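Please consider the following model, beginning with chain B and then turning to chain A.

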Amino acid sequence: MFQSDSLHLTTQLFVTSFLQCEGGSKHHPFGQGLQGVSLPENISPLNIIQMPVSTLTNDANDSGAPICLTRPSEASDELAAFEQLAQVVSKGLLSLRYSDPEADGMIVVDGVSFELQSLSCSIVKGKEAFSVRLYSETGATKVEIPAADIRGRDPKTGEMLSKDSRAKDSQSSSSTADSMVTVTKATEAATLTRSSPPKTGKKDITTIPINVERKGKYGYAVEWEDGATIIYTLQALGKAAAAISTK
Amino acid sequence: MAGKVVTQLVKGTDWGDLDVLVLDLPPGTGDVQLAICQELQLSGAVAVTTPSKLATEDTRKGIEMFTSLGVPTIAVVENMSYFMVRVVARSLQWLVSI
């Protein structure tokens, strides 16, 4: 390409072209990797599979014949690493599928424990409320939560917010990866309505949900009439359901 | 933009009756990863990295992000982790044959 543009190629640089060897042993030319990296307490110890720098693997990639299928006898280290990876992943997936559901969190509603991952949420037609359904191996329950109750809670923890922090949230435009709360900027009219008490006869548009959508294993995104979209964790919705059911 | 394209690909494709769907994602913690975690209920993640400090720091952030979104990291593959020298030689060409 460069030559076709009349640009002369002066030098070719081959990165990691060769290794200076001190003797027959195991070298870590790029450092110790993840072995010394500290992780938060909520993350389980990592299953680290170390793949060696390998001319055999490189040749297999170039030829298009996967080393796991050709299985050359001199590639014992490489094949052992691939085998370890297959075992760890298959064991991990089976463990996640059939392990104790409490690992994903439980919520107690009316004295019965329900799995948080079973929670489903929808808008009740004709009402400013959410219908939250929870399931367990022995039964199910449905709780109707006023939309104003949900809007008044911390989207991550489910704790009730103070009025000051609610007003601050409604007027801000932020997206934080930590709390996974996305608040899009409300319209000017909505902000005005939010910052001042609703007039008689007019609905508070900050408590009218217009759409709700599941977001992976994390929670539900609620789109509000005032233009804000907030993702509530399953824990927050479960906590709201538990609080309503005990009232 | 990238997130929307990925969402369209994932949700607009008739995948048929699958046992496992493996998604090979681009590096980092960008829109694609976030969109995938929010649009799908992933069973778990396998992180792939190299031993360099920059790569491991990115990997750590990725694992934390996936964990916060409810996706456990099943394994971490560390490519180019080590080089086993089986013969005593002054230098070895290890990746490129010219």
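In this predicted model, 68% of the contacts in chain B with a separation of 6 or more are made by residues 24 or more positions apart. Chain B contains 3 helices and 3 strands, arranged from the N terminus in the order α-α-β-α-β-β. Of the 98 residues in chain B, 38% are buried. The accessible surface of chain B amounts to about 5900 Å², and carbon and sulfur atoms account for 56% of that area.

In chain A, strands E7(A) and E8(A) are joined by a hairpin through 4 residues and pair in the antiparallel sense over 7 bridges. Within this pairing, Ala129(A) lies opposite Pro146(A) of E8(A). In a regular strand, side chains alternate between the two faces of the sheet.

Nonpolar side chains tend to be buried together in soluble globular proteins. The largest nonpolar core here has 26 residues, and those touching the most other members are Leu119(A), Cys121(A), Leu134(A), Ile145(A), Ile150(A) and Trp224(A). Several elements of chain A each supply at least two residues of this core, including E7, E8, H4 and E12. Helix H7(A) gives the most, with 6 residues. Beyond its neighbours within four places in sequence, Leu134(A) has contacts that include Ile107(A), Val109(A), Phe114(A), Leu119(A) and Ala241(A). A second, separate core comprises 15 residues, among them Val6(B), Val32(B), Leu42(B) and Ala45(B).

Methods
Residues numbered from 1 in each chain as written. Chains lettered and ligands numbered in written order. Predicted model: local features only at pLDDT ≥ 70, side-chain atom pairs only at ≥ 80, totals over all residues. Heavy atoms only, no water. Core = buried A, V, L, I, M, F, W, Y, C linked by side-chain atoms within 4.5 Å. Buried < 20%, exposed > 50% of the residue type's maximum accessible area, 1.4 Å probe, protein only. Contact = heavy atoms within 4.5 Å. Pairing = 2+ DSSP bridges. Areas by Shrake-Rupley, 256 points an atom, 1.4 Å probe, with all protein chains shown as cover.
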